Amino acid sequence: MNTCRFPPPWTVEDHNDACFIVKDRAGHALAFVYYEEEPGRQTAANLMTRDEARRIAANIAKLPALLIRPQY
């Protein structure tokens, strides 16, 4: 039996206007992608913009679909 440790689908949630959280079907947090919307703090802390962080989190959430091996 092949069980998946982090079952798909993976989803992305915006958390407190500070980060995006990628979660599996069971609700376990798999990744945190932080961002800063204030330009001065963003530069000082070297953080991503909200849009950059959202795109990265969305791409992480797509990983299970990309790793499925086709059945021949």
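Reader: How far apart are the end C-alpha atoms of helix 2, and what should its 12 residues span?

Author: This is a predicted model, in which local features need pLDDT of at least 70 and side-chain atom pairs count only at pLDDT 80 or more, while totals for chains, interfaces and linings use all residues. Residues are numbered from 1 along each chain as its sequence is written, and side-chain values use heavy atoms, with hydrogens and water left out. Helices (H or I, at least four residues) and strands (E, at least two) are DSSP runs numbered from the N terminus, and the expected span of a helix is 1.5 Å times one less than its number of residues. For the 12 residues of helix 2 that span should be 16 Å, and this agrees with the distance between the end C-alpha atoms, which is 16 Å.

Reader: Which residues of helix 2 are buried, and where do they lie around the axis?

Author: Buried means under 20% relative accessible area, exposed means over 50%, and partly exposed is in between, with a 1.4 Å probe and protein chains only. In helix 2 the buried residues are A53, A57 and A61. Because they cover an arc of only 75 degrees around the axis (taken from the directions from the helix axis to the C-beta atoms), they lie on the same side of helix 2.

Reader: Which residues make up the largest nonpolar core, and which element gives the most to it?

Author: A nonpolar core is a set of buried Ala, Val, Leu, Ile, Met, Phe, Trp, Tyr and Cys residues joined through side-chain atoms within 4.5 Å. The largest one has 8 residues, namely F20, V22, A31, V33, Y35, A53, A57 and A61. Strand 2 (19-23), strand 3 (29-34) and helix 2 (50-61) each give two or more residues to this core, and the element that gives the most, with 3 residues, is helix 2.

Reader: In which sense do strand 2 and strand 3 pair, and over how many bridges?

Author: Two strands pair if DSSP finds at least two bridges between them. Strand 2 and strand 3 form a hairpin with 5 residues between them, and G27 in the turn has a positive phi of about 90 degrees. C19 stands opposite Y34 in strand 3, and the pairing of the two strands is antiparallel, over 5 bridges.

Reader: How many aromatic pairs are there, and is the pair of F32 and Y34 stacked or tilted?

Author: Rings of Phe, Tyr and Trp (its six-membered ring) pair if their centres lie within 6.5 Å, and planes under 30 degrees apart count as stacked, over 60 as edge-to-face and the rest as tilted. By this rule there are 2 aromatic pairs, and in one of them F20 and Y35 have ring centres 5.2 Å apart and planes at 35 degrees, so that pair is tilted. The rings of F32 and Y34 are 6.4 Å apart centre to centre with 15 degrees between the planes, and this pair is stacked.

Reader: Is N16 buried or exposed?

Author: N16 is found in the loop between strand 1 and strand 2, and has a positive phi of about 50 degrees although it is not a glycine. With a relative accessible area of 65%, N16 is exposed.
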